[in-house]
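I opened the notebook on this chain today to record what I looked up, entry by entry. The structure goes in here before my notes.

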Amino acid sequence: MKRLFSAVLFLSFFSGAFAQSKTVNLLSIQQLNKRMSNPDTVYIVNFWATWCGPCVKELPNFDQLQTTYKKQPVKVLLVSMDFKSKLGEVKTFTKTRKLVSDVFLADKTNEQSFIDGIDKSWSGALPGTLVVNNKKHIRKFYEQEFTYNELNKLYQTNK
């Protein structure tokens, strides 16, 4: 009986741990556009990289926004612009930082085509943030770092 209890405890601990760990999937421009197609949701998409100091600094602000408004129709997506060969590092980074937002790795065969697919005015500098509200026909791109208060204001003015 003691062994059975230990086995059940062990399995429930590990199944819970695995259920909470985030996956990082590749995401193409087409997949991103499809993901952002719900007209009832405001999408805030942050483009970042593990090697980008300002990006890493602002990531908790995006997670805080997602957590604060988890019952609202807003979705924060974090899209890493690291090379595809760095997928393992991005997964480790995501797990270590305990990110709560959905995390992806940009699936780009051509860097410039991916950048232009997001916004033609984007120079490619990081961090970058895209706000999409399909119901209000809003699609705005920002090539800057955000504090939480700035991010919250951005959401409030575009919801």
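Predicted model: local features only at pLDDT ≥ 70, side-chain atom pairs only at ≥ 80, totals over all residues.

I traced the strand order and found an open sheet of six strands, arranged S1-S4-S3-S2-S5-S6 with mixed pairing. At the edges I noted strand S1 (24-27) and strand S6 (138-142), each of which pairs on one side only. From one strand to the next, the twist averages 25°. I then looked at S1 together with strand S4 (residues 102-106), and these two pair in the parallel sense over four bridges. Within that pairing I located Val 24, which stands opposite Val 103 in S4.

I followed helix H5 (residues 111-118), which lies across S1, strand S2 (42-48), strand S3 (74-80), S4, strand S5 (128-133) and S6, and which runs at about 130° to S6.

How do the axes of H3 and H6 cross? For helix H3 (residues 53-68) and helix H6 (residues 148-158), I noted that the axes come within 9 Å and cross at roughly 50°, which makes H3 oblique to H6. The crossing of H3 and H6 is right-handed. I listed the residues that make the contact as Asn 61, Phe 62, Gln 64, Leu 65 and Thr 68 from H3, with Tyr 148, Leu 151, Asn 152 and Tyr 155 from H6. Sorted by class, the contact of H3 with H6 has five nonpolar and four polar residues, and no charged ones.

Is Asn 61 buried or exposed? Asn 61, which lies in helix H3, has a relative accessible area of 15%, under the 20% limit, and therefore counts as buried. Leaving aside neighbours within four places in sequence, I found Asn 61 in contact with Phe 146, Thr 147, Tyr 148 and Leu 151.

As a reminder to myself, most residues other than glycine have a negative phi, and most peptide bonds are trans. I checked the bond joining Leu 126 and Pro 127, which is a cis peptide bond with omega about 0°; Pro 127 is found in the loop between H5 and S5. Lys 98 has a positive phi, near 55°, and sits in the loop between helix H4 (87-97) and S4, where Lys 98 is exposed at 67% relative accessibility. His 137, also not a glycine, has a positive phi of about 55°; I placed His 137 in the loop between S5 and S6, and at 74% relative accessibility it counts as exposed.

Definitions and conventions:
Residues numbered from 1 in each chain as written. Heavy atoms only, no water. Pairing = 2+ DSSP bridges. Axes fitted to C-alpha atoms, helices over the stretch in contact; angles between N-to-C directions. Contact = heavy atoms within 4.5 Å. Parallel < 35°, antiparallel > 145°, perpendicular 65-115°, else oblique. Left-handed = near helix turned anticlockwise from the far one by under 90°. Nonpolar A, V, L, I, M, F, W, Y, C, P; charged D, E, K, R; others polar. Buried < 20%, exposed > 50% of the residue type's maximum accessible area, 1.4 Å probe, protein only.
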